[in-house]
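Colleague: I'd like to learn how to read a protein model. Could you walk me through one?

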Amino acid sequence: VNELDFYNLGRDQLAKKLNHSGPKITAAVKVFQIKDDPECFKQIKVGKVNFDRYSQKAIDKLKEGLKKKSIEDVWNEYKSKH
């Protein structure tokens, strides 16, 4: 499997699909620990540059998380820790 086909989304693409801003999706990725799930996230190196890439499964996992916790609650939790 081509990794770029599986992990075919950047953060801004995730944000667009979920109708939230990039920073709020960054918060949700952190709060819901998306980067800890190898089926949702992988850092892919192209040349000397690393790219954070997300799979379609990341969308599902974020949607599930956002059913339990609002994006505003996620944002406030993230801001209080950073």
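Predicted model: local features only at pLDDT ≥ 70, side-chain atom pairs only at ≥ 80, totals over all residues.

Colleague: How many aromatic pairs does the structure hold?

Modeller: A pair of aromatic rings is described by the distance of the centres and the angle of the planes. This structure holds three such pairs. One of them is Phe6 with Tyr7, an edge-to-face pair with 4.8 Å from centre to centre and 85° between the planes. Tyr7 is buried at 10% relative accessible area, while Phe6, at 32%, counts as partly exposed.

Colleague: And what about Phe41 and Tyr54, how do their planes lie?

Modeller: Their ring centres are 5.3 Å apart and the planes sit at 50°, so we call this pair tilted. Phe41 belongs to strand 1 (residues 41-46) and Tyr54 to strand 2 (residues 49-54), so the pair ties together parts that are 13 residues apart in sequence.

Colleague: Is Phe41 buried or exposed?

Modeller: Buried, because its relative accessibility is 13% and the cut-off for buried is under 20%.

Colleague: Next, helices. Which residues of helix 4 are buried?

Modeller: First, the general idea: an α-helix has 3.6 residues a turn, so residues three or four places apart point the same way. In helix 4 (residues 56-68), the buried ones are Ala58, Ile59, Leu62 and Gly65. They cover an arc of only 130° around the axis, which means they are on the same side of helix 4.

Colleague: What covers the buried residues of helix 4?

Modeller: The cover includes helix 2 (11-18), helix 3 and strand 2. On the face turned away from the buried side, helix 4 carries the exposed residues Lys67 and Lys68.

Colleague: Last one: at what angle do the axes of helix 3 and helix 5 cross?

Modeller: For two helices, look at how close the axes come and at the angle between them. Helix 3 (residues 22-31) and helix 5 (residues 71-81) have axes that come within 9 Å and cross at roughly 75°. Angles of 65 to 115 degrees count as roughly perpendicular, and helix 3 and helix 5 are therefore roughly perpendicular to each other.

Colleague: Which residues meet there?

Modeller: From helix 3 come Pro23, Lys24, Thr26, Ala27, Ala28, Lys30 and Val31, and they meet Ile71, Glu72, Val74, Trp75, Glu77 and Tyr78 of helix 5. Sorted by type, the residues of this contact are eight nonpolar, four charged and one polar.

How values were computed:
Residues numbered from 1 in each chain as written. Heavy atoms only, no water. Axes fitted to C-alpha atoms, helices over the stretch in contact; angles between N-to-C directions. Helix = DSSP H or I, 4+ residues; strand = E, 2+ residues; numbered from the N terminus. Parallel < 35°, antiparallel > 145°, perpendicular 65-115°, else oblique. Contact = heavy atoms within 4.5 Å. Nonpolar A, V, L, I, M, F, W, Y, C, P; charged D, E, K, R; others polar. Phe/Tyr/Trp six-rings, centres within 6.5 Å; stacked < 30°, edge-to-face > 60°. Buried < 20%, exposed > 50% of the residue type's maximum accessible area, 1.4 Å probe, protein only. Arc of directions from axis to C-beta.
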